[in-house]
Structure formats: C-alpha cells, structure tokens
Amino acid sequence: MTQSPRVIDYEGSTYSTEFWTGAREYEDRAERIAIRAMLPPKGGRLIDIGAGAGRLGDLYLGYDEVILMDYARSTIVEARDRWGHDPRFKFVAADLYTLPFVEAAFDSIVMIRVIHHIVDVPRALHNIHAVMKPAGLFVFEFANKRNLKAIARYAARKQTWSPFDQKPIEFVELNFDFHPDWMKQQLRQVGFTIRQARSVSTFRASALKRLLGAKRLAAIDGVLQRPCAPLAISPSMFVLCSPALDKSRPQEEMLEGEVFACPTCRASLPAQPANDELRCANGHRWSTREGIYDFKTPLE
Ligand SMILES: C[S@@+](CC[C@H](N)C(=O)[O-])C[C@H]1O[C@@H](n2cnc3c(N)ncnc32)[C@H](O)[C@@H]1O
C-alpha cells in the first residue's frame, strides 16, 4: 500500500452541527437542487464519499444499497445515528486514497465539498473511477478559484493570487480552490467524460440571503445553474461525469454482491461480517463493531 498524502482531520469536529446552521440554508438548498437534477433518483448501489454526518442521506432513499464513507470515524458515527435505522445504509470509515472497495462496485458516486481538502487530486479521481461501474454516474462538487468574488478581490488588489492561474491554490492548510479548466482536465485524464456542469451557490452573500430568503434565492440559483455553467464564476461547481467506455471488464462479468476489498492487499472481503470483523484471504482483519466498517487501521 503506498503512503497516503496529508489528510485533513475532522475527527471530533462540530462541522455537522455548526457549519450547517440556518446561515447556510441557501447553500444546502442550492446543492440539493443540483444533486437532484444530476443523480438518478433510483438505482442499485450508491456511495457518498466524504459523507460527513450524512447530511444528504435523504437524497439516496431510492437506492437499494447506500454506503456513507468518511475518513473521520466520529462523523460516520453521527451518520450511523442518523441513518442506521434503515437497513439499506452501511457506514464506512476509510481514506479516499486507499478505497476499500472492489473495482466497479458502484452505480452512483457522490462527492460534495471534499476535493477541496485533497492534495493529490489525480490519485483521488483515479480511485473513484476504478470503483465505478462502466455505466455509472459520478456527481462531483469542487470549489472554484475563478469565482466572481475572487476576481473582484484580485482586481482591487485585496488578494495576491490570481483566480485565472490554472494551478490549485492552498489558501489555508489543506483547503484548496481549483480552476474549472484544470479540474475538468484532471477528470478527463483519469478517464471521465463530463456530461453536465452546474454553477452553484452563485449568490453566496449575507445581504442577498437576508433580502430574498434562502428558499427564494436557492430557487433562482437553481434556474441559473445550467445557463451560468459556461461562465463558471460561482464559488461551487457541480459536474456530472461518467466513465469512458474503455473500462476493462464488461459489466456482465462483474460479481454482483461483492463490495469490499482489503485496503492493504486488495484481496476481496466477504460481504457479511463474522464476529464483528471482515477478514481477507491474507489474514488482514477489519473491525465492523458498532455498525461501522473501519478500514483505517487493521485489527492486531
Ligand atoms: C466539508 S466536509 C463535507 C461533508 C459532506 N460531504 C457534506 O457536504 O456535508 C468534508 C469531509 O471530507 C472528509 N474527508 C477529507 N479527506 C478525506 C479523505 N482522504 N478520505 C475520506 N474522507 C475525507 C472529511 O472527514 C469531512 O467529513
């Protein structure tokens, strides 16, 4: 297993309760409009990568099987407390850099507000591409450095970095903004085709939220998401991607039911735990205690 790059630590964070308060109702609503427009409402197996406490879980209720995965075990415990009553949900603590899944495991993949924490974007996108079915869909959000506010601040010399420069900017440690052209190039390089783009949260300003209210502002955002996408001046961009058609194994050959692969040696793992653990053929053991599949540290 190759070493993971630096990873942000949300363990024990109050993100789910403090960030998503009333002040961000507009962003939450605008993101939901974009996801509903892009994600098929029904399907087989879906994963939300970097799902946090499962904020978006209600959007996945049309799926047969839903995996909520996050690096921070404490956020996945919150997700389990929220969605654990539904037997279709599974809760996984794991690192995006070493995904514990077999190839072509998922029909739909969602990743929202996560890539801005990722140092090695090509490696992360490559991993996602590998676990997606050939006919799968990937709903992906990234933070856009070429947004209107950044352009205005740069023009007024209140910001040193150029929003037009293609390179990602790490404006705070492990927080990156990306140029839309650069990100689209990364997606294409790992084999994704971009089917649709949306500009989201264009009106992220307290005065506008107060003036119009979150619901009305999000409705306007929703109408403009597609027509404004070519301009790409919103702080958040959503893209809908599918894998290029050259994925090696034809879909019929894939074993249905197989989901997990050992993150240490890539051997497949049984779908069901025994004695609160999953064990691979090479003897690596992973805890499934308390309803959390924990692929961060193997059991001794
Ligand atoms: C800003 S939160 C977003 C949570 C959720 N997607 C949402 O929109 O409400 C970012 C999440 O990404 C997770 N994350 C960051 N790096 C990760 C990695 N390498 N592997 C898995 N999750 C990661 C963090 O633990 C955190 O829960």
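Colleague: Let's start with the charges: how many salt bridges does the structure hold?
Modeller: First, this is a predicted model, in which local features need pLDDT of at least 70 and side-chain atom pairs count only at pLDDT 80 or more, while totals for chains, interfaces and linings use all residues. Residues are numbered from 1 along each chain as its sequence is written, and side-chain values use heavy atoms, with hydrogens and water left out. A salt bridge here is a side-chain nitrogen of Lys or Arg within 4 Å of a carboxyl oxygen of Asp or Glu. On that basis, the number of salt bridges is 21.

Colleague: Take Glu31 and Arg113: how many residues apart are they?
Modeller: These two form a salt bridge, with their closest N and O atoms 2.7 Å apart. Both Glu31 and Arg113 are buried (under 20% relative accessible area; exposed is over 50%, partly exposed in between, with a 1.4 Å probe and protein chains only). Glu31 belongs to helix α2 (residues 25-38), while Arg113 sits in the loop between β4 (106-111) and α4 (121-130); helices (H or I, at least four residues) and strands (E, at least two) are DSSP runs numbered from the N terminus. So the pair links distant parts of the chain, and its separation is 82 residues.

Colleague: And Arg73 with Glu290: how far apart are their closest N and O atoms?
Modeller: Arg73 is in helix α3 (residues 73-83) and Glu290 is in the loop between β11 (285-287) and β12 (292-294), 217 residues apart. Arg73 counts as partly exposed because its relative accessibility is 22%, and Glu290 does too, at 48%. They still form a salt bridge, and their closest N and O atoms are separated by 3.3 Å.

Colleague: Is Asp86 buried or exposed?
Modeller: Asp86 forms a salt bridge with Arg88, the closest N and O atoms being 2.7 Å apart. Arg88, at 29% relative accessibility, counts as partly exposed. The relative accessible area of Asp86 is 10%, so Asp86 is buried.

Colleague: On to the ligand: how much of its accessible area does the protein cover?
Modeller: Look at the polar contacts, meaning pairs of N or O atoms within 3.5 Å. An oxygen atom of the ligand is 2.5 Å from a side-chain N or O atom of Asp70, and one of its nitrogen atoms is 2.7 Å from a polar backbone atom of Gly50. On its own the ligand has 600 Å² of accessible area (Shrake-Rupley method, 1.4 Å probe), and the share that the protein covers is 98%.

Colleague: How many residues of the shell around the ligand are nonpolar?
Modeller: There are 21 residues around the ligand, with Asp95 and Ile112 among those that come nearest; a residue counts as near if one of its heavy atoms lies within 4 Å. Ala, Val, Leu, Ile, Met, Phe, Trp, Tyr, Cys and Pro count as nonpolar, Asp, Glu, Lys and Arg as charged, and the others, Gly among them, as polar. Three residues of the shell are polar and four are charged, and the nonpolar count is 14.

Colleague: Last one: how close are Ala104 and Val131 in space, C-alpha to C-alpha?
Modeller: Ala104 is found in the loop between β3 (89-93) and β4. With 7% relative accessibility, Ala104 counts as buried. Ala104 and Val131 are 27 residues apart in sequence, but their C-alpha separation in space is 4.3 Å.

Notes:
Polar contact = N/O pair within 3.5 Å; in protein donor to acceptor, adjacent residues only side chain to side chain.
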